[in-house]
Each structure stands twice: as C-alpha cells, then as structure tokens.
Amino acid sequence: MSEFTALDRAFMARALTLAANGLVSAHPNPRVGCVLVREGQVLAEGWHERAGGPHAEAAALANLKAQQPQDVPEAGIAAGATAYVTLEPCNHHGRTPPCSEALIRAGVARVVYAIGDPNPGVKGGGAQRLREAAIQVQSGLLAVEAAELNAGFIKRMRSGMPLVRLKLAMSLDGRTALSDGRSKWITGEEARRDVQHWRARSGAILTGIGTVLADDPSLSVRPADPGVRQPLRVILDSDLKLPPQSRVFEGMGAQGVWVFTASHDPLRRAALSARGARVEHCAQGATVDLAQALAMLGKAGINEVLVEAGATLAGALVEQDCVDELLLYVAPVVLGDRARALLRLPEPGTLEQARRFEVFETVMVGADQRIRLRGG
C-alpha cells in the first residue's frame, strides 16, 4: 500500500503546477512550488519566481502571513500543517535564508517533497534538519514529474553540464530545406510560436556560424517585451567569421553574446568584444571543442541549452553524444531526395549500430507534429 493518499497526490500535483510558473523566470535556480495544508484545507501557496527572490516555501509562508492580522507573530503561523514541496527544502544560506528553518519556525508538522536536492554539497541536509526538529518527512511523491520539470538543473548539479535540447524542423521525408537552402517556412505559424516557449525557458540558445551567415538570426525570444528575459546567445565560430553587425547583438539584454572559437585573431576578437561579445578560445584542433564549450556554459549556471543549427553542427553534436533531447517538428510536406538532410552523420556499418531514440512525447501543434525524443 502506498504511503501517500489521494489528497497527498492532489496537493503535490498543485505544487508542481505552481512550480511551472517559474519555467521561464526562475533560471538559473530550480522551478519549485509549495502548498501549505492543514486538515485537508489549503492555507497558502507559493512558488519560486526568480533568483534572489523568496523560495517557494518562504513565498507560501509570506502569503499565509499576509492573510493574518498584523499582530500575529510569524512563529507557529503554520502550526500542525503539512508542506508539500516539489524539491527538498534547502538548509544552507545563499541569497536567501534556509527554507528548512523557516518551516520549523512556522510550526509545520509534516513535510512532503517530491525529489531530493541534486546538489551534492547540500543533498539531504534539509530533510535531516527537519527530522532533527521532530517534523515528519516523506519524499518521492510525483518524483518523475518533478524531475522532468527540473531536468536541466538536475543534470547541471550532478555533472556540471547543461541539458542540451536540439530543435529540428523537417518534412515527412526528413528534409529541412530545399537544395538551394530555402526553408521558410516548412512548419506552420503555430509551431513557430511554440518554439518561442522553448527559447524562453532555456538559459542559452546556441547555433553555428554557418546559420548566422546564412540567416542572420536574432536568437531572441519574441515578442521581445521589456519584461522578457532574453537567453544567452551562443555562437560556435571556429574562424571568427561573425560579422559585428549581426542581429544577435541587437537587444541582447543582460545575458549577452558568447562566441566560442578556435581562432586567436586579435583584430576579430577585438571587433566582437567591442560589440559586447564574450569571446572564448575553446579548440579541438581547428574547430570548437563542443564538450568543453558546453561545460563552460554549465559552469556559468546554464541549465538548458536550446540548439538551433544546421545539419553539420547538429550532426556533430549527436555524433559526439552531446545531445540529451531532440525537439522535432514534423510538417506534413514532402521535399524530395535533393533537398537538404536533417543531420550530417556518418552512415553506420550495420542497422544494429544505428543510433536509436526513445519517443516520450508527441503532440500536434497546429498542422505539425512535435515529437520529443531521448537517447541516441
């Protein structure tokens, strides 16, 4: 028999819904939600909105305090309550005080969290501190859903590397553009709008110099309203061919533009630096070292990288096992065998040696199909 009740599951599901409010804004922190419940009634809710702001537990307690008369003390304000949290409450001082101490001070009797803190330096500390305060602690409720919500954060905490999501759009016969390079538009307007959602939730958008020279993309989230957080724009440019007048430098916001290169050309580096770019030498022979570049992004706090690139770079990332997820849009059109292929990869020696992926989500986006795959 499960240790959790149907009500427990319902309240944790609500906490996950709250956590998803931080899908775009919480970066580089995890997306976390909290629901405070007493005798089956919700007292207050909260979620982590942005780095430096209150964590989900503190936000829920603040919302509970706001419901009380001004002279009611904060100590014991949630006496006897259960806190449902999507991530183990923290027990360390960062930009904000420990959430474990706030829950103890508020008098909660029980804490249910979905997944443990993946940070090796603090994992288990929050749960231990709560138990030391005689609070009942349970974990693992809707853990799969909670882990999916923070897959990038979890990977970065455990390995130092961001989650890499490769976005591709293709025809039914696996082509991305006509033989002359024309590709606007294979997919419909709804699919193109959907891509903006994936851009917005990513810490960085990455492409290769070939795409920049061919299409001059802005790599921005649209519409670019003042309140929209623009992801870091990353260009892999072995020979520093990036023109300083490229659109990637327009409205780049606080995140800016990073250029990874194998070149030491001082004049080109200076020209890009003058435009606000951070130029990093990251070479494997005459080309950019993909794994090293991704590791540097992870060190900079990037949880999720969205790759929007041509067949050569996309194929190289897949071949070097740098891709965690394929985000594939399939349009109901056929372009023919002379059109450009999806990925540039060497042919496997046998079918048994072919890279295989597992489909874990399929949805219709307008007339197009969006498929998410992992493995390979």
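This is a predicted model: local features need pLDDT of at least 70, side-chain atom pairs count only at pLDDT 80 or more; totals for chains, interfaces and linings use all residues.
**Salt bridge notes**

I started with R374, which pairs with E148 in a salt bridge, closest N and O atoms 2.9 Å apart.

Then accessibility. R374 comes out partly exposed at 25% relative accessibility, and E148 is partly exposed too, at 29%.

I asked myself which network R374 and E148 belong to. Both turn up in a set linked by salt bridges, together with R31, R165, D194, R201, E304, E325, E361, R370 and R372.

Next I looked up K155 and D324, whose side chains form a salt bridge at 2.8 Å, N to O. K155 is in helix α6 (residues 151-159), while D324 is in the loop between α11 (311-319) and β15 (325-330), so the bridge ties together parts 169 residues apart in sequence. K155 is partly exposed, with a relative accessible area of 24%; D324 is partly exposed at 23%.

Last pair: E45 and R14, a salt bridge with its closest N and O atoms 2.9 Å apart. I find E45 in strand β2 (residues 41-47) and R14 in helix α1 (residues 6-19), so the pair ties together parts that are 31 residues apart in sequence. E45 has a relative accessible area of 24% and is partly exposed; R14 is partly exposed with 35%.

For the tally, I noted 23 salt bridges in the structure.

Technical notes:
Residues are numbered from 1 along each chain as its sequence is written. Side-chain values use heavy atoms; hydrogens and water are left out. A salt bridge is a side-chain nitrogen of Lys or Arg within 4 Å of a carboxyl oxygen of Asp or Glu. Helices (H or I, at least four residues) and strands (E, at least two) are DSSP runs, numbered from the N terminus. Buried means under 20% relative accessible area, exposed over 50%, partly exposed in between (1.4 Å probe, protein chains only).
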